[in-house]
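Open the model in your viewer and keep the selection tool at hand. We will go stop by stop.

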Amino acid sequence: MDAGLLRRVEDYIEALFAPPDPALEAALEESRRAGLPEIQISPNQGRILQLLAALAGARRALEIGTLGGYSAIHLARVLPEDGSLVSLEIEERHAEVARRNIERAGLGGRVEVRVGEARGLLSEMIRRGEGPFDAVFIDADKRGYPDYLELSLRLSRPGTLILADNLIRGGDVLEPRDEAARAVSRFNEMLSRDRRLDATIVPLLRERLDGFAVARVTGL
């Protein structure tokens with residue numbers, strides 16, 4: 001499909017459902033000034049994230065991969081006043097930018113950004129009995145996706161919503177040739193085969209074809 005058409009369709013949906021938002025635009029600008037990679041979710045994906053978390057009635061959420069806090073702002077906004085989001089980020093510099101963006105959005109009291117390697121942080125959360133979470137969003141190092149899913153399940157309950165981004169990668173998962181694509185392909189297979197999950201992948205039309213996982217934990 002023509003890349004220009006994909007961009008036009010994305011812009012069309014964004015204009016309808018994700019109009020300009022000062023806090024989100026400020027977060028993007030702050031992240032650019034800080035030199036963070038521009039790999040955050042799109043505004044449309046942010047709306048999907050919000051709607052699904054709201055439909056799940058999420059009060060406690062977990063995010064794996066904070067970057068500049070753009071997705072954290074989307075997710076935290078639909079949590080109740082006494083809700084909470086724990087967001088994990090490997091880079092201290094990214095976490096500092098995210099905290100500023102989250103605070104500017106008025107959500108500092110609802111979001112905790114923790115710094116460290118996700119596997120270690122998740123394992124520590126399991127050890128400390130910090131689960132269960134009502135919603136989990138995975139958008140970090142693709143090579144870690146299979147481990148992130150398994151660890152997230154140990155912090156879940158029946159009914160927990162698990163979401164993940166970048167699962168088609170322009171079609172790379174069809175014939176994976178690098179470690180990241182192979183890991184994502186394994187993650188996708190885990191979603192489809194794990195009896196603890198009811199899941200699917202929703203195709204996304206952006207500059208290239210991608211996919212967004214939607215899964216519900218059915219049993220543990």
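**Stop one: the largest pocket**

The lining of the largest pocket has 18 nonpolar, twelve polar and 20 charged residues. Remember that this is a predicted model. The pocket has a volume of about 1100 Å³.

Now colour the elements around it. α1 (3-17), α2 (22-33), α3 (43-55), α4 (70-77) and β2 (84-89) each supply at least two residues of this lining.

**Stop two: the second largest pocket**

The second largest pocket has a volume of about 230 Å³. Select Glu10, Ile13, Asn44, Gln45 and Ile48. Of the 14 residues that line this pocket, these are the closest to its centre. Next, show α1, α3 and β6 (197-205), the elements that give two or more residues to the lining. Which element gives the most? The answer is α3, with five residues. By class, this lining has eight nonpolar, three polar and three charged residues.

**Stop three: Leu75**

Go to helix α4 and select Leu75. Is Leu75 buried or exposed? Leu75 counts as buried, because its relative accessibility is 2% and the cut-off for buried is under 20%.

Show its surroundings. Beyond its neighbours within four places in sequence, Leu75 is in contact with Leu49, Ala53, Ala61 and Leu85.

Finish with a distance. Select Leu75 and Asp178: they are 103 residues apart in sequence and 31 Å apart in space, C-alpha to C-alpha.

Terms used
Residues numbered from 1 in each chain as written. Predicted model: local features only at pLDDT ≥ 70, side-chain atom pairs only at ≥ 80, totals over all residues. Heavy atoms only, no water. 1 Å grid on protein atoms, 1.4 Å probe; cavity = no way out; pocket = protein on both sides within 12 Å on 5 of 7 lines; lining within 4 Å. Points joined across faces, edges and corners; volume = space filled by probe spheres on them. Helix = DSSP H or I, 4+ residues; strand = E, 2+ residues; numbered from the N terminus. Nonpolar A, V, L, I, M, F, W, Y, C, P; charged D, E, K, R; others polar. Buried < 20%, exposed > 50% of the residue type's maximum accessible area, 1.4 Å probe, protein only. Contact = heavy atoms within 4.5 Å.
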